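Here's a quick briefing to read with the structure open beside you. Take each topic in turn and find the parts as you go.

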Amino acid sequence: MWDGVSVRYDVAVIGAGPGGSAAATHLARGGARVVLVDRAARGRDKSCGDGLTPRAMHEFARLGYDPTPYHRTDGLRIVARERQREVRWPERAGFPGCGSVIRRVDLDAGLLDLAIAAGADLRERSEATVVRDDRGRAVGVDTPDGRIGADLVVVAAGAGSPVAASLGATRPRSGVQGLAIRAYAPSTRSTDRHLEASLAVRDAEGRAMPGYGWVFPLGDGSVNIGFGVLSTMRTEGRLNLRNLLGQYAASVRDAWGLGELERSWAWRLPMEVDRRCGPGWVAVGDAAGLVNPCNGEGIDYAMESGRIAAEVFLGEAGPDGTAAAYEAVLAARFDPFFRTARRFAHVIARPRLLDVLLGGAMVSDATMRLVAAVLGNILDDEHPRFAEFSVRAGGAVLGATERLWRRDGDAAAAELV
Ligand SMILES: Cc1cc2nc3c(=O)[nH]c(=O)nc-3n(C[C@H](O)[C@H](O)[C@H](O)COP(=O)(O)OP(=O)(O)OC[C@H]3O[C@@H](n4cnc5c(N)ncnc54)[C@H](O)[C@@H]3O)c2cc1C
């Protein structure tokens, strides 16, 4: 046992991003007494592309979040040098045929409001650490206002979190991670209805750039523009993400009628961790390494893993069985896809291979639709069709040939400026 508890809850959630707010909302709706602790105040911003796929829209519906006031997208545009192709979002497995772009400052405040409305107690401007008993079980959290006891601690503290690291939820030595920077800019095409992703990017002088660029229209006169690299990429010298973003913006300035970039901010996208749960605690979202290596999507997985943690805790597993049951659900639902996607992150880090793959993908609308479904994990494993079989076959081939193409890049040393 341990002392000094000033108050007790069923669940203490650390972090009020999409993962923490989703977990708190589902838990509180299910009757649990929940405290949601965030070191920032409601309305904090987050470095993000703000892009939401049909997968995220599907999860919004489960959560009861209404994205209709914000800009809607109908599909994806892939640009690879002089080629480009547009596809509508695949409509399948209950995923709607639409996406959205919502500034994180708005989205996170909206999701947090759902948690508060459901009955979660918010402690904002309060940095938390996990308290463990003498057997190592998480038994609550310490905050500047005192110690809070809880049957379960949900660690939703985001990427690079010291709280998650203190529990062993750290990136494996050669694990895949993304590094990306975003900015906002005025644009004459802010109402465009496609998310645009540029692969095989060239700078204004026509030189190949390591990484991928995006322009996501916000519908309010501005766009979210960003540039990301995977840690698997080989680079010449140390990468400076701000410079890369500047070069990418110059290359799309005319096409998008871009104004000056503002509020640029770089951060990590964790794509695997060593541990994502233990006695008395579970990690969700970025703290659990749940970012899709194929497209950098993490908001949906944060909300989904938050929901899964809640369902397991409220279900038969109970407080003692939550960690094991949670791990089993993640392993079944996410691991096969994420394992293949991480392998894919090694393959696409090789420019020549990427060129070949893009050539095949952009051949027709049908191949592009397939690529959009696969990259966005808009798949239906219960009723597998061509896309699902392609992922399974691709995963098997990549697994069997891994030693031929796997290599650890050095882009992980990019400067987060
Ligand atoms: C440049 C960039 C672009 C991206 N683009 C996209 C995109 O377009 N679409 C997409 O789906 N994903 C994107 N992602 C990924 C996405 O931003 C994350 O996956 C998502 O924010 C994860 O949500 P989360 O709830 O796990 O963590 P976060 O959103 O990071 O929330 C963590 C919360 O924990 C709080 N916190 C941390 N430590 C403590 C502590 N000790 N005590 C109390 N509170 C604490 C923080 O204040 C924060 O509120 C992008 C990421 C980056 C860096």
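In this predicted model, S5 and S6 make a hairpin, with two residues between the strands.

**The hairpin strands**
- Strand S5 covers residues 75-80 and strand S6 covers residues 83-88, and the two pair in the antiparallel sense.
- How many bridges link S5 and S6? There are six bridges between these strands.
- If you want a landmark, find Arg-77, which stands opposite Glu-86 in S6.

**A three-stranded sheet**
- Next up is an open sheet of three strands, in the order S3-S7-S4, with antiparallel pairing.
- Strand S7 (residues 99-101) runs antiparallel to S4, and three bridges join them.
- Here you can look for His-71, which stands opposite Val-101 in S7.
- A handy bit of background: strands of a sheet pair through backbone hydrogen bonds, either parallel or antiparallel.

**Helices that pack together**
- Helix H1 (residues 18-29) packs against helix H3 (residues 104-118) at an angle of about 20°, and their axes are 8 Å apart.
- Because angles under 35 degrees count as roughly parallel, that makes H1 roughly parallel to H3.
- H1 passes H3 in a left-handed crossing.
- Residues making this contact include Ser-21, Ala-22 and Thr-25 of H1, along with Leu-111, Leu-112 and Ala-115 of H3.
- Helix H2 (residues 54-63) and H6 cross at roughly 35°, and their axes come within 9 Å.
- H2 passes H6 in a left-handed crossing.
- Among the residues in that contact are Arg-55, Glu-59 and Arg-62 from H2, and Asp-300, Met-303 and Arg-307 from H6.

**A helix with a bend**
- Where does helix H7 (residues 318-333) bend? The bend is at Ala-324, and it's about 35°.
- The buried residues of H7 are Thr-322, Ala-323, Ala-325, Tyr-326 and Leu-330.
- What covers the buried residues of H7? The cover includes helix H6 (299-314) and helix H8 (335-347), plus strand S11 (146-155), strand S17 (277-278) and strand S18 (281-283).

Conventions
Residues are numbered from 1 along each chain as its sequence is written. This is a predicted model: local features need pLDDT of at least 70, side-chain atom pairs count only at pLDDT 80 or more; totals for chains, interfaces and linings use all residues. The bend at a residue is the angle between axes fitted to the seven residues ending there and the seven starting there. Helices (H or I, at least four residues) and strands (E, at least two) are DSSP runs, numbered from the N terminus. A residue is buried if 20 or more other C-beta atoms lie within 10 Å of its own, exposed if 12 or fewer, and partly exposed in between; C-beta atoms are placed from the backbone. Two residues are in contact if their C-beta atoms, placed from the backbone, lie within 7 Å. Two strands pair if DSSP finds at least two bridges between them. Axes are lines fitted to C-alpha atoms, for helices over the stretch in contact, and angles run from 0 to 180 degrees between N-to-C directions. Angles under 35 degrees count as roughly parallel, over 145 as roughly antiparallel, 65 to 115 as roughly perpendicular and the rest as oblique. A crossing is left-handed if the near helix is turned anticlockwise from the far one by less than a right angle, and right-handed if clockwise.
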